[in-house]
Amino acid sequence: QVWSVDYSPDGKWLAVGTYGNKTEKDALRVYVYEMDDLGKAPKELESRRWAKARFTMDGKHVVVGGGRVRCESRTWEPLDIWNVDSWKRTKTVDSGGIGNPMGVTGDGRYMASGDDEGGDEKGSVPGDVGVWDMAGWKRAGVTQSEKYTMMVQEAIFSPDGKRMYVG
């Protein structure tokens with residue numbers, strides 16, 4: 001099933017994140033369609049559990065996240081940054097339990113990511129929203145939704161980037 005959709009800022013690409021059982025062939029992927037040639041097979045970007053995808057405002061990257069990963073005796077929630085020109089994963093950052101990419105500010109400087117699982121052992125709590133400085137992919141801060149104390153499904157910024165709305 002579809003978990004997220006996002007157009008690239010130039011309208012050239014459409015990223016469709018999926019959610020499903022790990023045994024399903026089409027689960028756990030982001031499919032990126034070239035809008036000028038919808039008959040062409042989409043690019044497939046690997047995800048780890050479910051897939052939410054957001055383009056950066058400059059259109060140079062797609063950020064993919066969603067779901068906790070257990071490996072090497074630790075649990076973490078990665079955000080993968082994919083380069084649109086090469087379609088290669090160029091960076092992976094540990095989201096600290098807040099791993100669903102969501103809104104991007106209009107100037108492209110910050111991205112919000114939310115906790116939609118209700119907290120984890122690393123200290124994220126239900127309703128947490130992380131704000132990322134996209135220049136170095138460092139977390140700039142964490143805030144908690146006053147209204148939503150369980151799962152955060154979406155976070156967007158106002159056009160001027162001064163407010164963030166969470167749902």
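Does Trp 87 count as buried or exposed, and at what relative accessibility? In this predicted model, Trp 87 has 14% relative accessibility and therefore counts as buried, since buried means under 20%.

**Figure 1. The protein chain as a whole.** The protein chain contains 16 strands and 0 helices. Of its 167 residues, 48% count as buried. Among the contacts in the protein chain with a separation of 6 or more, 37% are between residues 24 or more positions apart. The accessible surface of the chain amounts to about 8800 Å², and carbon and sulfur atoms hold 48% of that surface.

**Figure 2. The aromatic pair of Trp 13 and Trp 87.** The count of aromatic pairs comes to 1. The ring centres of Trp 13 and Trp 87 are 5.1 Å apart and the ring planes stand at 80°, so the pair is classed as edge-to-face, a term for planes over 60 degrees apart. The pair links distant parts of the chain, for the two residues are 74 residues apart. Trp 13 belongs to strand S2 (residues 13-18), whereas Trp 87 lies in the loop between strand S9 (78-83) and strand S10 (88-94). Trp 13 has 9% relative accessibility and so counts as buried; Trp 87, at 14%, also counts as buried.

**Figure 3. The surroundings of Ala 51.** Ala 51 is located in the loop between strand S4 (43-46) and strand S5. Its relative accessibility is 0%, so Ala 51 counts as buried. Leaving aside residues up to four places away in sequence, Ala 51 touches Trp 3, Ser 4, Gly 17, Thr 18, Arg 29, Val 30 and Gly 65. One of these, Thr 18, is 33 residues from Ala 51 along the chain, yet the C-alpha atoms of Thr 18 and Ala 51 are separated by 5.4 Å.

**Figure 4. The largest pocket and its lining.** The largest pocket holds about 220 Å³ of space. Its lining is made up of 13 residues, and those nearest the pocket centre are Asp 6, Arg 54, Met 102, Gly 103 and Val 104. Strand S1 (2-7), strand S5 (52-55) and strand S11 (100-104) are the elements that each give two or more residues to this lining. Sorted by class, the lining comprises 8 nonpolar, 3 charged and 2 polar residues.

Note on methods
Residues numbered from 1 in each chain as written. Predicted model: local features only at pLDDT ≥ 70, side-chain atom pairs only at ≥ 80, totals over all residues. Heavy atoms only, no water. 1 Å grid on protein atoms, 1.4 Å probe; cavity = no way out; pocket = protein on both sides within 12 Å on 5 of 7 lines; lining within 4 Å. Points joined across faces, edges and corners; volume = space filled by probe spheres on them. Helix = DSSP H or I, 4+ residues; strand = E, 2+ residues; numbered from the N terminus. Nonpolar A, V, L, I, M, F, W, Y, C, P; charged D, E, K, R; others polar. Buried < 20%, exposed > 50% of the residue type's maximum accessible area, 1.4 Å probe, protein only. Contact = heavy atoms within 4.5 Å. Areas by Shrake-Rupley, 256 points an atom, 1.4 Å probe, with all protein chains shown as cover. Phe/Tyr/Trp six-rings, centres within 6.5 Å; stacked < 30°, edge-to-face > 60°.
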